[in-house]
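Open the model in your viewer and get the selection tool ready. Each stop below tells you what to select and what you will find there.

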Amino acid sequence: TCTLLSVNKKNCRVESLCIGDSEYVIYRPTAKGMEEIFHSEGLQHEFNLPYQVGTHGDDPCKAHCELHTLYPGDVIVTATDGLWDNLEADYVKGVTEGFLKDADEYKLHELAVALGKEAHKKAMNK
């Protein structure tokens, strides 16, 4: 599976291409906290059978393509099904919000590590 993001800083836009069960979410800071602006959809033939790329894979033309305008403070969390199958979207939003709230600068590496560890912990308890 594959998710590609291309950020154009000049026009504050991001283009995406997603195929399979990799997904991304765009969060935007508001007075009430982080708001989910967009959550991509995974592409699956049926449960647990995602579209694939590569030899004998699915036609890449079936990928979902999107264009988004970004604003200062927006955060994009992109991950494979290892995260999304184990953590609820609201939980990811809350952790993201917690790491970014009142921060002078975003601690994205620490956020990624925390989400990965929590997804792994949940996967081991299933």
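**Stop one: the core**

Select Tyr 27, Val 77, Leu 83, Trp 84, Leu 87, Val 92 and Leu 115: of the 15 residues in the largest nonpolar core, these touch the most other members. A nonpolar core is a set of buried Ala, Val, Leu, Ile, Met, Phe, Trp, Tyr and Cys residues joined through side-chain atoms within 4.5 Å. Buried means under 20% relative accessible area, exposed over 50%, and partly exposed in between (1.4 Å probe, protein chains only). Two or more residues come from each of strand S3 (23–30), strand S8 (75–79), helix H1 (81–84), H2 and H3. Helices (H or I, at least four residues) and strands (E, at least two) are DSSP runs, numbered from the N terminus.

This is a predicted model, in which local features need pLDDT of at least 70 and side-chain atom pairs count only at pLDDT 80 or more, while totals for chains, interfaces and linings use all residues. Residues are numbered from 1 along each chain as its sequence is written, and side-chain values use heavy atoms, leaving out hydrogens and water.

**Stop two: Leu 83**

Which residues does Leu 83 touch, not counting those up to four places away in sequence? Val 92, Leu 115 and Ala 119. Contact means heavy atoms within 4.5 Å.

**Stop three: H2 and H3**

Now select residues 89–100 (H2) and 108–124 (H3). Among the residues that meet are Tyr 91 and Phe 99 in H2, and Leu 111 and Ala 114 in H3.

**Last stop: Asp 85**

Asp 85 sits in the loop between H1 and H2. Its relative accessibility is 48%, so Asp 85 counts as partly exposed.

Definitions and conventions: Axes fitted to C-alpha atoms, helices over the stretch in contact; angles between N-to-C directions.
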